[in-house]
Amino acid sequence: MIKSVLIFNNHGKARLIKFYQQIASDIATQQALIQEIFSLVSKRPDTVCNFLEGSKLLGGKDTRVIYRHYATLYFVFVVDESESELGILDLIQVFVESLDRCFENVCELDLIFHFDEVHHILSEIIQGGMVLETNMNEIVEAIQEMNRAKKKSSGVTAGSLGLRASETLRHGFRH
């Protein structure tokens with residue numbers, strides 16, 4: 001099971017935090033956990049393995065930290081021992097490529113300013129710590145459908161406002 005998905009920049013700023021399993025009950029412990037994960041992955045050279053065994057704070061030896069470092073971002077998945085490390089690395093690749101297709105060359109600013117869409121993309125891939133979808137075409141199509149629905153609903157609102165404004169101008173400002 002996937003316990004959490006985290007995205008950090010090179011300076012340790014969290015850009016996405018999604019827990020699927022409660023790890024800590026208080027914010028201070030969660031912050032310490034996030035800081036520990038970042039310190040573990042950021043100190044490792046790019047030439048070493050992308051799998052780490054969890055510490056006591058993370059849940060012990062049955063917890064693994066699997067990550068990929070792309071440009072200025074670390075994509076980190078914390079999983080239990082039942083998950084395949086190579087499968088999770090592939091899942092990280094699917095997530096990154098899905099983000100890239102949706103944002104056309106995804107960058108850190110996309111994660112900051114479109115956090116709701118990033119969470120929606122992640123929820124198309126993972127729900128409740130279980131993998132739902134790995135087909136990038138299906139993921140991107142679901143996101144595009146959501147965007148079309150958003151535009152349609154905002155278009156109706158803008159259209160109705162435009163209609164009201166034109167009626168008001170035609171009939172004058174009568175009370």
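Residues are numbered from 1 along each chain as its sequence is written, and side-chain values use heavy atoms, with hydrogens and water left out. Because the model is predicted, local features require a pLDDT of at least 70 and side-chain atom pairs count only at pLDDT 80 or more, whereas totals for chains, interfaces and linings use all residues.

The protein chain contains five helices and seven strands (DSSP runs, numbered from the N terminus: helices are H or I of at least four residues, strands are E of at least two). Along the sequence, these elements follow the pattern β-β-α-β-β-β-α-α-α-β-β-α. Of the 175 residues in the protein chain, 35% are buried (buried means under 20% relative accessible area, exposed over 50%, and partly exposed in between, with a 1.4 Å probe and protein chains only). The accessible surface of the protein chain comes to about 10,300 Å², and carbon and sulfur atoms account for 53% of this surface (Shrake-Rupley method with a 1.4 Å probe; for residues, only the protein chains shown count as cover). Among contacts in the protein chain with a separation of 6 or more, 49% join residues 24 or more positions apart (contact means heavy atoms within 4.5 Å).

In soluble globular proteins, nonpolar side chains tend to be buried together. The largest nonpolar core in this model has 29 residues, of which Ile-2, Phe-77, Phe-95 and Ile-126 touch the most other members (a nonpolar core is a set of buried Ala, Val, Leu, Ile, Met, Phe, Trp, Tyr and Cys residues joined through side-chain atoms within 4.5 Å). Two or more residues of this core come from each of strand E1 (2-9), strand E5 (73-80), helix H2 (85-103), H4 and helix H5 (136-171). The most is given by H2, which supplies nine residues. A second, separate core comprises 13 residues, including Leu-33, Phe-38, Val-41 and Val-76. When residues up to four places away in sequence are not counted, Ile-126 touches Ile-2, Val-5, Tyr-20, Phe-77, Leu-91 and Leu-132.

Helix H4 (residues 115-125) has buried residues at Glu-117, Val-118, Ile-121, Leu-122 and Ile-125. These residues lie on the same side of H4, because they cover an arc of only 140° around the axis (the arc is that of the directions from the helix axis to the C-beta atoms). An α-helix has 3.6 residues a turn, so residues three or four places apart point the same way.

The structure holds four salt bridges (a side-chain nitrogen of Lys or Arg within 4 Å of a carboxyl oxygen of Asp or Glu). One of them joins the side chains of Glu-108 and Arg-15 at 2.7 Å, N to O. This pair links distant parts of the chain, with Glu-108 in helix H3 and Arg-15 in strand E2 (residues 14-19), 93 residues apart. Glu-108 counts as buried at 18% relative accessibility, whereas Arg-15 counts as partly exposed at 25%. Apart from its neighbours within four places in sequence, Glu-108 is in contact with Asn-9, Arg-15, Thr-72 and Leu-73.

Another salt bridge brings together the side chains of Arg-64 and Glu-85 at 2.9 Å, N to O. Arg-64 lies in strand E4 and Glu-85 in helix H2, so the pair ties together parts that are 21 residues apart in sequence. Glu-85 counts as partly exposed at 23% relative accessibility. The side chains of Asp-116 and Lys-150 also meet in a salt bridge, at 3.9 Å, N to O. This pair links distant parts of the chain, Asp-116 in helix H4 and Lys-150 in helix H5, 34 residues apart. Both count as partly exposed, Asp-116 at 44% relative accessibility and Lys-150 at 39%.

On the surface, Leu-109, Ile-112 and Phe-113 form a nonpolar patch with about 310 Å² of accessible area together (patches are made of residues with over 30% relative accessible area and no salt bridge; like charges are joined within 9 Å, and nonpolar side chains, namely Val, Leu, Ile, Met, Phe, Trp and Tyr, within 5 Å). Leu-109 belongs to helix H3 (residues 108-113).

Most residues other than glycine have a negative phi, and most peptide bonds are trans. Ala-71, although not a glycine, has a positive phi of about 50°. Ala-71 is found in the loop between strand E4 (63-70) and E5 and is exposed, with a relative accessible area of 69%. Asn-105, also not a glycine, has a positive phi of about 70°. Asn-105 occupies the loop between H2 and H3 and is exposed, with a relative accessible area of 61%.
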